[in-house]
Amino acid sequence: MDNITLKDALIKSLEMEKAGFAFYMDTAKKTSNKGTAAIFKALAEDENRHIDAIKKYSDSASKNLNLPELSSAMPKHKDIKERVIFGKELFRILSASVSGADQLKAYEAAMTLEIEGYNFYKKAYNSIGDKNVKDLYKF
């Protein structure tokens, strides 16, 4: 496996997170199902948090400063289940959300984005030695 530099990892990560954010927001706007829209909006919020964190790492790296700890670059927030489900059973909400072929395709596309992101983050984690950057690629 080829190693990647910190700069290249941060650039690629930012591109991936921005693409994910755009996809999730677009999907949320296009669906008429409120449950599906809530799920994709929550995913977009997560991507936006990741974008902000990556920008903080990039800014520090470009200024040759110590890289931030993840807790300061990306503060904790409620779990996605708490932000989307509002106390209802996850299975029931998701079952109701997937009411058409287009929505199922959207979920499949989202899974593809997340798997590609996971694989890239795993590669970045294994390539970069800085502990704080490793923490970024564990989220």
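Predicted model: local features only at pLDDT ≥ 70, side-chain atom pairs only at ≥ 80, totals over all residues.

Modeller: Lysine 134 lies over the face of tyrosine 125, at 4.1 Å from the ring centre.

Biologist: How many salt bridges does the structure hold?

Modeller: There are 2 salt bridges. The term requires a side-chain nitrogen of Lys or Arg within 4 Å of a carboxyl oxygen of Asp or Glu. Lysine 131 and aspartate 135 form one of them, with the closest N and O atoms 2.9 Å apart. Aspartate 26 and lysine 30 form a salt bridge at 3.0 Å, N to O.

Biologist: Where do aspartate 26 and lysine 30 lie?

Modeller: Both are in helix H1 (residues 6-30), 4 residues apart, about one turn of the helix. Helices here are DSSP runs of H or I with at least four residues, numbered from the N terminus. Lysine 131 and aspartate 135 are likewise 4 residues apart, in helix H7 (residues 131-136), so about one helical turn separates them.

Biologist: Why is aspartate 135 called buried, and lysine 131 exposed?

Modeller: Buried means under 20% relative accessible area, exposed over 50%, and partly exposed in between, with a 1.4 Å probe and protein chains only. Aspartate 135 has 17% and is therefore buried; lysine 131 has 57% and is therefore exposed.

Biologist: How many aromatic pairs are found, and what makes phenylalanine 23 and phenylalanine 40 edge-to-face?

Modeller: The whole structure gives 5 aromatic pairs. Phenylalanine 23 and phenylalanine 40 are 6.3 Å apart, centre to centre, with 80 degrees between the planes. Rings of Phe, Tyr and Trp (its six-membered ring) pair if their centres lie within 6.5 Å; planes under 30 degrees apart are stacked, over 60 edge-to-face, and the rest tilted. The pair therefore qualifies on distance and is edge-to-face by angle. Phenylalanine 23 lies in helix H1 and phenylalanine 40 in helix H2 (residues 34-62), so the pair ties together parts 17 residues apart in sequence. Phenylalanine 23 is partly exposed at 24%, whereas phenylalanine 40 is buried at 0%. Ring pairs link Phe23, Tyr24 and Phe40 into a cluster.

Biologist: How do you know that threonine 27 is buried, and what is it in contact with?

Modeller: Its relative accessible area is 11%, so threonine 27 falls in the buried class. Threonine 27 lies in helix H1. Contact means heavy atoms within 4.5 Å; leaving aside neighbours within four places in sequence, threonine 27 is in contact with Phe40 and Ala106. The threonine 27 side chain also reaches the backbone oxygen of phenylalanine 23 at 2.8 Å.

Methods
Residues numbered from 1 in each chain as written. Heavy atoms only, no water. Helix = DSSP H or I, 4+ residues; strand = E, 2+ residues; numbered from the N terminus. Lys NZ or Arg CZ within 6 Å of the ring centre and 35° of its normal. Polar contact = N/O pair within 3.5 Å; in protein donor to acceptor, adjacent residues only side chain to side chain.
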